[in-house]
Structure formats: structure tokens, C-alpha cells
Amino acid sequence: MNGTTNSEDIAVTQDQLSWTAGMLGIHEYPITGFWLLYAAVVIMCILVFNMGFARKLPLLKNVIVYTALLIGALPLTIFAIGMAVVESLFAAAVVLALYRLRLKRHKQEQNEQTSA
């Protein structure tokens with residue numbers, strides 16, 4: 001062996017992958033699967049960011065935030081191959097959605113009590 005490896009030398013099974021990475025076929029089509037997983041991570045990061053932390057920002061600051069998010073999603077995608085990153089982001093989005101729904105209902109009830 002000369003110390004180099006080909007992609008055929010490394011066998012990755014679906015059992016070694018996270019659920020999302022396995023569903024996106026990263027073990028069969030590594031390049032396409034990676035970019036699909038990257039897209040899933042970016043979408044979930046944007047969703048969680050907007051639901052939990054986003055405020056109205058000027059355009060330049062928005063560009064900076066989303067550029068940092070796109071760059072930060074690359075290492076998250078690498079982690080998402082073997083760990084449940086997308087699934088965790090999905091759970092965070094559900095929790096934040098429930099929080100926002102309850103907060104909205106609470107504010108509506110408060111407004112109805114003050115107006116009555």
C-alpha cells in the first residue's frame with residue numbers, strides 16, 4: 001500500500017450515518033448527498049435563526065449575518081454526516097414555533113383583558 005486512498009477504498013454504510021444523511025443518499029452519491037445535506041442544514045439554520053433570534057436589521061448587517069450562517073453551515077454539515085444535526089435543528093424549530101405560538105396567544109389574551 002502506498003499511503004493513498006481512493007473513494008472506493010472507504011466503505012460507508014447507511015448505519016454509520018445520521019438519519020438525514022442516510023435519507024439523502026450521501027453513502028451512494030457523496031458529492032450530491034453532501035450538497036443536499038448542506039442545503040438542509042442551511043434551511044434549518046435559517047429557520048431556527050428567524051424563529052428565535054432574528055430582529056429587523058439593516059441590509060448590510062443582514063448580508064453579514066447570512067454570510068456567516070452560510071459559512072458556519074459547512075462545518076455543521078460535516079458533523080451532520082454522522083450526528084443528528086439536522087434533526088436537532090428541526091427539534092429546535094418546533095420548540096421555538098411552540099414558544100412563539102404561546103407568546104402570541106398570551107399577548108392576545110393580555111390585550112383583550114386591557115381593552116375590556
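This is a predicted model: local features need pLDDT of at least 70, side-chain atom pairs count only at pLDDT 80 or more; totals for chains, interfaces and linings use all residues.

Modeller: Residues are numbered from 1 along each chain as its sequence is written, and side-chain values use heavy atoms, with hydrogens and water left out.

Colleague: What span should helix 2 have at 1.5 Å a residue?

Modeller: Helices are DSSP runs (H or I, at least four residues), numbered from the N terminus. The expected span is 1.5 Å times one less than the number of residues. Helix 2 has 23 residues and should therefore span 33 Å; its end C-alpha atoms are 32 Å apart, which agrees. Helix 4 (residues 85-115), with 31 residues, reaches 45 Å from first C-alpha to last, close to the expected 45 Å.

Colleague: Which residues of helix 4 are buried?

Modeller: Buried means under 20% relative accessible area, exposed over 50%, and partly exposed in between (1.4 Å probe, protein chains only). In helix 4, Val-85, Val-86, Leu-89, Ala-93 and Leu-96 are buried. An α-helix has 3.6 residues a turn, so residues three or four places apart point the same way. The buried residues of helix 4 pack against helix 1 (19-23), helix 2 (30-52) and helix 3, where contact means heavy atoms within 4.5 Å. Those of helix 2, including Phe-34, Leu-37 and Val-41, pack against helix 1, helix 3 and helix 4.

Colleague: Which residues have the most contacts inside the largest nonpolar core?

Modeller: In soluble globular proteins, nonpolar side chains tend to be buried together. A nonpolar core is a set of buried Ala, Val, Leu, Ile, Met, Phe, Trp, Tyr and Cys residues joined through side-chain atoms within 4.5 Å. The largest here has 22 residues, and Ile-26, Leu-37, Val-41, Ala-80, Val-86 and Leu-89 have the most contacts inside it. Helix 2, helix 3 and helix 4 each give two or more residues to this core, and helix 2 gives the most, with 11. Leaving aside neighbours within four places in sequence, the contacts of Ala-80 include Leu-37, Val-41 and Val-86.

Colleague: Is Val-63 buried, exposed or partly exposed?

Modeller: Val-63, in helix 3 (residues 59-82), has a relative accessible area of 44% and therefore counts as partly exposed. The C-alpha atoms of Val-63 and Gly-82, 19 residues apart along the chain, are separated by 30 Å.
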